[in-house]
Amino acid sequence: MEYGQDTLRARFCHALSEMYKSEVPLYGDLVDLVWKADAEAVRASQAHSGPNVINPDDVLPSRHRVERHGAIRLGTAHELATIRRMFAVMGMFPVGYYDLSIAGFPMHATAFRPKSREALARHPFRVFTTVLRMELLTERTRDLVKEALKQRNIFSDRLIHLIEEAEMQGQLQTKMYEEFIKEGLETFRWHSQATVTMEEYQILKAEHPLIADIVSFPSCHINHLTPRTIDIDLVQKMMQDHGMPAKERIEGPPRRVCPILLRQTSFKALEETVYFQDSLGQFVKGSHTARFGEVEQRGYALTRQGRQLYDRILARVNTEAAEKEADFAQYDEILTKHFKEFPDSMHELWEQKLAYFCFKLNTEGEKSLESRKVYSMTLKQLLDDKILEYEPITYEDFLPLSAGGIFNSNLGKTPKAKRLMMDADADLDGFQRMLGASITDEFYLYEQRQYNSLESCRAQLGLDSLVW
């Protein structure tokens, strides 16, 4: 079944990307620029190959060129539960919980993505999905939001029927793929006619611009699609050189020898023409700013211990930056200074259990197994003797503060976070009730992948146990 879901997911992602290119042409320019940046980065790293232009598609993993993540914003429990069912048809499941109130947004989120290593390798499409927290809105806005969202349905009747068919059959029949993609795209399509009046839009926007974006339109339009690059610093420079409205700094950890977690940048959201109904039912011209183009560079997945160290360092960075009222350049200096504390070699990351790794038998080590008494060797000895080798596991998830930084860069003059948001706690249980399902803990998936690789090595070596 997974192969069919992988095919459907790949085709849906491609169709979504083509639709977004037509809606936001600058996104298409960004995808081309990322390819050029990757080609330049590959050439620089393989300079000894001569002056020939190297096609990055020939040397990067096959998933790299097609990899995308999108982001959508939902308003209700029904929308969230239904989108979960829709993504499940494509082999995408809720992984991780993100409390965005810490970034000043009245929302929380999960990411729908494939969970297995094999499915991720075939096509790693992800959709970062937020939903409004009604309890974090003021009473006036809450009433307006509920009334507006009650009037819309972001899913076609035919799409719901196809989802039900897939659920009953266990998978969607291949002959229904094209129709599922066509109907599914309508859920994410941009509409320039708002479903609220200009006055209602201004009320929503005054409380928070993202509330206006979620509530004012007949679909949960994709607000960005994100290609992956191998050198985000080069992409940032090329965006600026090409006159794209790039955000001022890259979100996430600083540039490192061993990249960790996720680094992101974007071009800023474009102001788009929107038509609002007036009191007489006539459409009047206005504008809305929401959709942008983002780029990401993915690093190593950190263990819980590694993530705690990352969060402690980042907290110190933000405290010092706030005290000094640092500008973007100063912030990056402070970031780089503090992150010197985070080990930056594969050996240290493994030894201190800060990152997750996959293990496998070394080719040379495998040849000499018969002459070695591996049954008495620890994992460390097997690694030291190069019988086993390891490689870092890629981080497949998101960072709420980085997402907040990207969102904030696209909001212009945003009102200060309301006390409701500042005092809010995470609400995983409430989110899961809206979702109608449990969220998979991302750390568990990385731990399982590391454990499974060690178990495979243990079995190949014929060991009863593998002592660390």
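1. Starting with the pairing of Gln193: its bridge partner in S8 is Tyr275. Bear in mind that this is a predicted model. S5 and strand S8 (residues 271-277) are joined by two bridges, and they run parallel.

2. Stepping back to the sheet itself, S5, S8 and S9 make up an open sheet of three strands, in the order S5-S8-S9, with mixed pairing. Strand S5 (193-197) and strand S9 (283-289) are the edge strands, each pairing on one side only. From one strand to the next, the twist averages 45°.

3. Helix H10 (residues 198-207) lies across S5, S8 and S9. Relative to S5, H10 runs at about 85°.

4. Now the nonpolar cores. The largest one has 74 residues, and Val145, Val215, Tyr310 and Phe342 are those with the most contacts inside it. Helix H13 (residues 304-323) gives the most to this core, contributing six residues. A second, separate core has 59 residues, including Val31, Leu159, Val235 and Ile439. In soluble globular proteins, nonpolar side chains tend to be buried together.

5. Not counting residues up to four places away in sequence, Phe342 touches Arg256, Ile260, Leu302, Gly306, Leu309, Tyr310, Ile313, Leu349 and Leu354. One of these, Tyr310, is also listed with Phe342 among the residues with the most contacts inside the largest core.

6. Next, Leu33, which sits in helix H2 (residues 25-45). Is Leu33 buried or exposed? Leu33 counts as buried because its relative accessible area is 4%, against a cut-off of under 20%. Leaving aside neighbours within four places in sequence, Leu33 is in contact with Val235, Met238, Met239, His242 and Met244. Take Met238: 205 residues separate it from Leu33 along the chain, yet their C-alpha atoms are 7.5 Å apart. Val235, another contact of Leu33, is a member of the second core.

7. Last one: His108, in strand S3 (residues 107-113). His108 has a relative accessible area of 2%, so it is buried. Which side chain does the side chain of His108 meet in a polar contact? That would be Tyr97, at 2.8 Å. Beyond Tyr97, and leaving aside neighbours within four places in sequence, the contacts of His108 include Tyr98, Asp99 and Leu100. Also in contact with His108 are Thr129, Thr130, Val131 and Arg133, along with Asp427, Phe431 and Met434.

How values were computed. Residues numbered from 1 in each chain as written. Predicted model: local features only at pLDDT ≥ 70, side-chain atom pairs only at ≥ 80, totals over all residues. Heavy atoms only, no water. Core = buried A, V, L, I, M, F, W, Y, C linked by side-chain atoms within 4.5 Å. Buried < 20%, exposed > 50% of the residue type's maximum accessible area, 1.4 Å probe, protein only. Helix = DSSP H or I, 4+ residues; strand = E, 2+ residues; numbered from the N terminus. Contact = heavy atoms within 4.5 Å. Polar contact = N/O pair within 3.5 Å; in protein donor to acceptor, adjacent residues only side chain to side chain. Pairing = 2+ DSSP bridges. Axes fitted to C-alpha atoms, helices over the stretch in contact; angles between N-to-C directions.
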